[in-house]
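Biologist: Thanks for joining me! Could you put the model on screen so that we can go through it together?

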Amino acid sequence: MKELTQHLNWEVQIEELALPGNRKTNRFALTRSDNGECLSIRSDRYYPVFNKDLEDIRERIVSRNGFRFKGYQEFQNGKRILAFYENPSENLQICGQKVKDYLIIGNSHDTSSKLFVGTSNYMMRCENQFSEKIRAFERRHDQPFDIHKLQLEEILANYESGRRALYRRMERLQMVRSTDEVIKELVLQLMGSMERTDRLEDPLLMLRYDEKTLLLLECIHHEIGDLGPNLWAVFNGVTRYTSNHLKGKPGFGIVNGRGEQLNRGAMKFLNKL
């Protein structure tokens, strides 16, 4: 897991593009102030949210609402930045399991995301993690950012509403019994590496073809042993895999990359049942 940093020690710079023959363009480059690396090329209709704006948001959240700032995390050399704030509420639980929850403020410098709010929870029992964007609050980069127009109460209200809705969806999963067929279909959909379901019938054959898929199945059955034969256990099996076994550096809270895709896919699939 990548470590969090307490400060953003660089800023986004806007630089004009030099074209042959001194031709003019309506595009500019966003670069890092510390090493000059180009983050993206944007048109003059794009207005960046600067790193200093994220620092200003941090000061307002920490000073007024009791959230504990955990740190920033950068992805792709700063093209995407996430800020994590620990929810101060005590005894947060999902399906009887104690969790920590984090408010996420996210931004990108390459249009991969808007300025957004998210929630991330951390299962104390097994260190499983799951994160989700809260679609009710997103801001496009189509006008200059003004910290004074940012409604902090709106951010926190949307975070709390989104967190409670996510917990309800998770708790519903505990009420639905899992079956071998559901597990097979989910694993096949998530891994997308096997064409025949009969490979799931023979563990030795499956190990020969796909060790990652076998590991995911082992995680699911481990959680079913702890939590019972229900969809909540199946989902925890997926987050156990993405939190503890997926190779690479998924980041704090599993909010980026392959782990995020698998977790989101599992939640979508299971909530349809």
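Biologist: Which residue in β3 is the bridge partner of Leu30?

Modeller: First, a note: this is a predicted model, where local features need pLDDT of at least 70, side-chain atom pairs count only at pLDDT 80 or more, and totals for chains, interfaces and linings use all residues. Residues are numbered from 1 along each chain as its sequence is written, and side-chain values use heavy atoms, with hydrogens and water left out. Strands are DSSP runs of E with at least two residues, numbered from the N terminus, and two of them pair if DSSP finds at least two bridges between them. Strand β2 (residues 27-32) and β3 are joined in the antiparallel sense by five bridges, and the partner of Leu30 in β3 is Ser40.

Biologist: Nice! What is the order of the strands in the open sheet?

Modeller: The sheet has three strands with antiparallel pairing. β1 (12-16) and β3 (38-43) each have a single partner strand, so one side of each is left without a neighbour in the sheet. The order is therefore β1-β2-β3.

Biologist: Is Thr25 buried or exposed, or partly exposed?

Modeller: Thr25 sits in the loop between β1 and β2. Buried means under 20% relative accessible area and exposed over 50%, with partly exposed in between (1.4 Å probe, protein chains only). Thr25 has a relative accessible area of 35%, so Thr25 is partly exposed.

Biologist: Which residues does Thr25 touch, not counting those up to four places away in sequence?

Modeller: Contact here means heavy atoms within 4.5 Å. With that cut-off, Thr25 touches Leu17 and Leu19.

Note on methods
Helices (H or I, at least four residues) and strands (E, at least two) are DSSP runs, numbered from the N terminus.
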